[in-house]
Amino acid sequence: MEFDYIIVGGGSAGSVLANRLSARSANKVLLIEAGPDTPPGNVPADIQEMFPKAALNPAYKWMKLFAHTQALRRNTPQQMPPVLYDQGKVMGGGSSINFQAANRGAPADYDEWAELGATGWGWQDVLPYFKKLEDDDADGELHGKGGPIPVQRMPRGEWSGYSEATAKALEKAGLPYLPDQNGPFTDGYFAATQNNKSGRRVSAAVAYLSDEVRRRPNLRILAESSVKELLFEGRRVVGAVVQTKEGVETVRAKETILSTGAVHSPAMLMRHGIGPAAQLAALGISVRQDLPGVGENLRDHPGVGIMAYVTGNARVTMTERPLQISYRYSSQIEDCPPTDMYTAVFCRGGWHGVGRRLGMAVTWVNKSYSAGRVTLRTTNPQDEPKVELNFFDDQRDLTRLKNGMRFIAGLFDDESLQKTTRSPFGARLSQRSREANAVTFKNKLVMGAAGMLLDGPAPLRDALIRNKITEGPDLPTMLADDALLEDFVRSTAMGIKHLSCTCRMGSADDPKAVTLTDGRVKGIDGLRVIDASIMPNLPRCNTNLTTMMIGEKMSDQILAG
Ligand SMILES: Cc1cc2nc3c(=O)[nH]c(=O)nc-3n(C[C@H](O)[C@H](O)[C@H](O)COP(=O)(O)OP(=O)(O)OC[C@H]3O[C@@H](n4cnc5c(N)ncnc54)[C@H](O)[C@@H]3O)c2cc1C
């Protein structure tokens, strides 16, 4: 059977495309996802939870995918060792394992896309698609009703003592309360918008691949099936070779759409000779189309955190919403726009008894300037590419993150947080604490007991935090010594997992653009890329809603012919 569209990757963008393209009954659509399916009525419990335990489950992730967070340590001409970098390998992709933060960037971010050559992708062009995808509990002209993704806020009266104390400290620091995170994009703190309903995650797969959609005779879904190779006839892609559970299958289509995410989409292109010619030639790959932008411009938001013991009455229970509030603020660093920083405030720092007693504030550079790259190591589709994030390639990102640490640490001096928290510390977990994040029965017992000890006398709690939970200098020592602070930021900075921009869209005459504004790969027929990789620049937000917006808008463009 020949399909009209093969969609490779059932993640945030792929799930949207599968739904919208198969809504036209004349279109025969095939969706191929490498990871397990999450069909209605059979969504695993850890995926449904509001605390993202799913991100700790190896069954839903690419476990050989590592990333170098930065090129150089201070004064050391070496690359830091790579770290396992979570990317979803499950129906719904990132949206099935993420923190369910559901927000949009600043209007200026999308206007910047248009200025960079993505004509038709400015704020006024994309806003209708943000509205189309959502069923928002807020009213007003910026919000949509009746879309597949619920966007919800926790009413202020229900916030935990820790969230409320943080809010009070922020007010004293000069940040106002904003009634709507997805309203006007200004500095302030707010109830965090999330895509869950009745305490359950609504992933792109749950929202867009419902029973009704799955019953469509023109939609076939292949899970646990990996595309190994694209089939070409001349310069046209005519299908793919798929490793299914049953064996190898060849499928053909008029168009193939790569929605495999910001690491695997450029890697797939490069393995097929579409990318920077010299790099490909060095690996012995014959060049089909020289596109220097493939794999370049890799973006993420670098972030660091502070944790603190939260007193009993200010905590949340295991089933309560762990992410209740967040805030935006301005670094006021030269050459950076206002509202360039972001902090998510988690009432729970882990899934176990210790994590339940620890609050965590993670602050990140929301308008980052450093850019990295994805390159192939080998031509073998089993081998993950090399991922270099290059955090702090741009000094502004390092300066802002250091200042960000100072800012969030300063909040703990406020009496509201003094009353509700104790012993704040930089979130550099010891090896033992990191291992205890694995969801096992043994860790549950051990960390449950350790959690009870944390509730004991203050000297015991401090000793446990200093000697067992964390490592490195304590917070006051670090804040008093710029070199120690820089070392902390460099060694603990993590990506917020907003990988993007490696196949960026732009105009036909832009040598660094990989895709045109309808997702078509430049110089190749029958092939589009539609996922987070085509963003021209990383907006000031968590990227799931923006990626689904891209899926919605591209579907409309494809259906319009
Ligand atoms: C741990 C984590 C936390 C995050 N937290 C948030 C958050 O709270 N809020 C937010 O807005 N964003 C968050 N993000 C980011 C957001 O989820 C992603 O930006 C978004 O999911 C990217 O969508 P995508 O369609 O580009 O790729 P993905 O959703 O990653 O989808 C790509 C899919 O393609 C599949 N695939 C890859 N190669 C093949 C192949 N060869 N054959 C078949 N299938 C293949 C993958 O298995 C995957 O399912 C988070 C991401 C992660 C990983």
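Trainee: Let's start with H8. How many of its residues are buried?
Mentor: Eleven of the eleven residues in helix H8, which spans 261–271, are buried, so it is mostly covered, going by a cut-off of 20 or more other C-beta atoms within 10 Å. Keep in mind that this is a predicted model.

Trainee: Which residues are the buried ones in H8?
Mentor: Gly261, Ala262, Val263, His264, Ser265, Pro266, Ala267, Met268, Leu269, Met270 and Arg271.

Trainee: Switching to the ligand. How many residues surround it?
Mentor: The ligand has 40 residues around it, and the closest are Gly9, Gly11, Gly93, Gly94 and Asn544.

Trainee: Which helices and strands supply at least two residues of that shell?
Mentor: H8 shows up again here, along with helix H1 (12–22), strand E11 (226–233) and helix H18 (544–559).

Trainee: How does the shell divide into nonpolar, polar and charged?
Mentor: For the shell around the ligand you get twelve nonpolar residues, 23 polar and five charged.

Trainee: OK, helix packing. At what angle do H14 and H15 pack?
Mentor: About 135 degrees, with the axes of H14 (441–454) and H15 (458–469) 8 Å apart. Angles over 145 would count as roughly antiparallel and 65 to 115 as roughly perpendicular, so H14 is oblique to H15.

Trainee: Which residues make the contact?
Mentor: H14 brings Ala450, Leu453 and Leu454, while H15 brings Leu460, Arg461 and Leu464. By type, the residues of that contact are five nonpolar, no polar and one charged.

Trainee: What about H17, which of its residues are buried?
Mentor: In H17 (482–492) the buried ones are Leu485, Phe488, Val489 and Arg490. They pack against strand E16 (302–310), helix H11 (395–411), strand E22 (421–426) and helix H16 (475–479).

Trainee: How many residues are in the largest nonpolar core?
Mentor: That core has 155 residues, and those with the most contacts inside it are Ile6, Ile7, Leu17, Ala18, Val29 and Leu30.

Trainee: Take Ala18, then. What does it touch?
Mentor: Leaving out residues up to four places away in sequence, Ala18 touches Ile7, Gly10, Val29, Leu31, Tyr208, Leu209 and Leu219.

Trainee: Why does Glu224 count as partly exposed?
Mentor: Because Glu224 has 16 other C-beta atoms within 10 Å, and the buried label needs 20 or more, with 12 or fewer for exposed.

Trainee: And Thr339, where does it lie?
Mentor: Thr339 sits in the loop between strands E17 (323–329) and E18 (341–346). Thr339 has a positive phi too, of about 55 degrees, although it is not a glycine. With 19 C-beta neighbours inside 10 Å, Thr339 counts as partly exposed.

Trainee: Last one, Gly526. Buried or exposed?
Mentor: Buried, because 21 other C-beta atoms are within 10 Å of it. Gly526 is in the loop between strand E23 (494–495) and E24.

Trainee: What does Gly526 touch?
Mentor: Not counting residues up to four places away in sequence, Gly526 touches Arg236, Val237, Val238, Lys254, Glu255 and Thr256. The C-alpha atoms of Gly526 and Gly239 are separated by 8.9 Å, with the two residues 287 apart along the chain.

Note on methods:
Residues numbered from 1 in each chain as written. Predicted model: local features only at pLDDT ≥ 70, side-chain atom pairs only at ≥ 80, totals over all residues. Helix = DSSP H or I, 4+ residues; strand = E, 2+ residues; numbered from the N terminus. Near = placed C-beta within 6 Å. Nonpolar A, V, L, I, M, F, W, Y, C, P; charged D, E, K, R; others polar. Axes fitted to C-alpha atoms, helices over the stretch in contact; angles between N-to-C directions. Parallel < 35°, antiparallel > 145°, perpendicular 65-115°, else oblique. Contact = placed C-beta atoms within 7 Å. Core = buried A, V, L, I, M, F, W, Y, C linked by C-beta atoms within 7 Å.
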